[in-house]
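Subject: Structure handover

Hello,

Here is the structure I promised to pass on. Please open it and keep it in view while you read my notes.

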Amino acid sequence: MGSPIVLGIESSCDETGVGLVRDGRLLGHAVASSMAEHARFGGVVPEIASRAHLHALRPVLGQALEGAGLRLSDIGAVAVTTGPGLSGALQVGLAGAKGIAYALGVPLYGVHHLAGHVAADTLVHGPLPDPCVVLIVSGGHTSLLLVRDLARDPIHHLGDTLDDAAGECFDKVARVFGLPYPGGPAIDRTARTGDPRAVPFPRPLPGSYDFSFSGLKTAAARWAEGHAGRELPVADGAAALQEAVADVLSRKAVAACAEHGVGTLVVVGGVAANSRVRALTEERCRAAGMELRVPPLELCTDNGAMIAAVGDLLVRAGAEPAPLDVSIDPSAPLEYAALHPVTAPAVAV
């Protein structure tokens with residue numbers, strides 16, 4: 001008999017995701033997004049996101065089970081995002097996961113959201129090479145990691161976001177350019193008709209593996225302000241901004257692989273869906289003789305399949321399940337794939 005079917009629940013931001021994985025194989029998943037409800041505010045509103053998760057979790061669970069041809073009673077373990085993310089949103093997912101795990105009498109595993117993004121690639125390309133370099137590029141995080149055994153070993157950080165992540169830069173500049181939310185896809189679409197060499201935007205922190213996109217965001221805003229009273233060449237600005245981001249990400253990632261003698265680069269997270277980031281990284285990996293692994297678009301953005309993938313790895317590695325009083329950690333650093341924070345008891349005064 002094989003490993004149990006693992007149910008994964010993701011609710012860290014504005015997507016409610018449920019996935020089902022067994023022995024590294026994706027059996028089915030479903031996602032509901034509240035993005036449209038946040039669009040008029042120009043960003044995610046935590047209270048709206050939490051309410052949306054509350055309404056969506058049960059229907060999304062039903063869709064995932066139906067798509068996989070499974071019943072709830074077939075589930076042998078539950079994995080859930082316990083951080084980082086929006087506090088209220090995480091609480092909804094954890095409460096649902098605890099209810100299901102306790103009702104079925106199966107183990108529960110807390111999962112770090114960013115480890116989920118890393119594990120998403122295994123659902124398509126198989127086990128991660130040991131070691132590999134992973135570039136995570138999402139709305140709130142940009143990190144370069146040296147990864148060995150994701151389920152057992154600590155994750156080594158080569159570089160991290162110092163201020164604005166790549167996704168934040170896209171969102172904020174898109175607003176300045178008059179483009180809709182979310183900014184990443186809008187920038188990508190608009191850049192198709194622009195000239196990436198039209199504006200000499202800076203390349204931040206060239207001598208480091210850390211990332212800082214705040215200065216690039218400011219440079220783009222100043223460039224737009226310089227066109228006051230004139231028509232803003234948005235396509236050129238979007239293309240030049242996208243080129244700067246893709247250049248920084250791909251250059252640092254390939255350099256990290258070369259320095260650490262690693263032959264495989266894995267690029268994950270929402271910004272991995274950006275067409276120029278994917279194309280330029282592929283071009284540079286090919287020139288350096290490195291393998292590039294990027295999940296399909298549907299697994300780049302937040303989803304429950306990636307959380308189920310981590311849970312599946314933890315189950316097969318014999319990891320300890322989460323304690324009964326497992327809680328959330330909205331600002332949890334990425335140290336291990338498993339994340340089992342416990343709220344300290346209140347002290348009487």
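Start with one definition: rings of Phe, Tyr and Trp (its six-membered ring) pair if their centres lie within 6.5 Å; planes under 30 degrees apart count as stacked, over 60 as edge-to-face and the rest as tilted. Ring pairs link F177, F201 and W223 into a cluster. I come back to these rings below.

First, the ground rules. This is a predicted model, where local features need pLDDT of at least 70, side-chain atom pairs count only at pLDDT 80 or more, and totals for chains, interfaces and linings use all residues. Residues are numbered from 1 along each chain as its sequence is written, and side-chain values use heavy atoms, with hydrogens and water left out.

**The whole chain**

The protein chain has 12 helices and 10 strands. Helices (H or I, at least four residues) and strands (E, at least two) are DSSP runs, numbered from the N terminus.

What is the radius of gyration of the protein chain? The value is 20 Å. A compact globule of 349 residues would have one near 20 Å, so the chain agrees with that. The radius is taken over C-alpha atoms, and the globule rule is 2.2 Å times the number of residues to the power 0.38. Along the principal axes, the C-alpha atoms fill a box of roughly 65 × 50 × 45 Å.

Next, burial. Of the 349 residues, 53% count as buried. Buried means under 20% relative accessible area, exposed means over 50%, and partly exposed is in between (1.4 Å probe, protein chains only). The accessible surface of the chain is about 14600 Å². Carbon and sulfur atoms hold 54% of that surface. These areas come from the Shrake-Rupley method with a 1.4 Å probe; for residues, only the protein chains shown count as cover.

Now contacts, meaning heavy atoms within 4.5 Å. Take the contacts with a separation of 6 or more: 72% of them are between residues 24 or more positions apart.

Charges come next. The chain has 26 positive and 36 negative side chains. Lys and Arg count as positive and Asp and Glu as negative; His and the chain ends are not counted. The centres of the two sets lie 4 Å apart. Each charge is placed at NZ of Lys, CZ of Arg, CG of Asp or CD of Glu.

**The aromatic rings**

By the ring rule, there are 3 aromatic pairs. One of them joins F201 and W223: the centres are 6.1 Å apart and the planes at 85°, so this pair is edge-to-face. F201 lies in the loop between helix 7 (183–191) and helix 8 (214–225), and W223 lies in helix 8, so the pair ties together parts that are 22 residues apart in sequence. Are F201 and W223 buried or exposed? Both are buried.

F211 and F213 also pair. Their ring centres are 6.3 Å apart and their planes are at 15°, so they are stacked. F211 is buried, with a relative accessible area of 0%. F213 is buried as well, also at 0%.

**Backbone details**

Most residues other than glycine have a negative phi, and most peptide bonds are trans. Here are some exceptions.

Which residues does a cis peptide bond join? G83 and P84 are joined by one, with omega about -15°. P84 sits in the loop between strand 4 (75–83) and helix 3 (87–104). The bond from Y181 to P182 is cis too, with omega near 0°. P182 lies in the loop between helix 6 (166–176) and helix 7.

Then look at phi. D23 is not a glycine, yet its phi is positive, near 50°. It is in the loop between strand 2 (15–22) and strand 3 (25–33). D23 is partly exposed, at 40% relative accessibility. L205 is not a glycine either, and its phi is about 50°. L205 is in the loop between helix 7 and helix 8. At 32% relative accessibility, L205 is partly exposed.

**Two links across the sequence**

P185 is in helix 7 and is partly exposed, at 40% relative accessibility. P185 and A273 are 88 residues apart along the chain, and their C-alpha atoms are separated by 8.5 Å.

V254 is in helix 9 (residues 234–259). V254 is buried, at 12% relative accessibility. Its C-alpha atom is separated by 6.6 Å from that of C285, 31 residues apart along the chain. Which residues does V254 contact, leaving aside neighbours within four places in sequence? They are R284, C285, A288 and M290.

Best wishes
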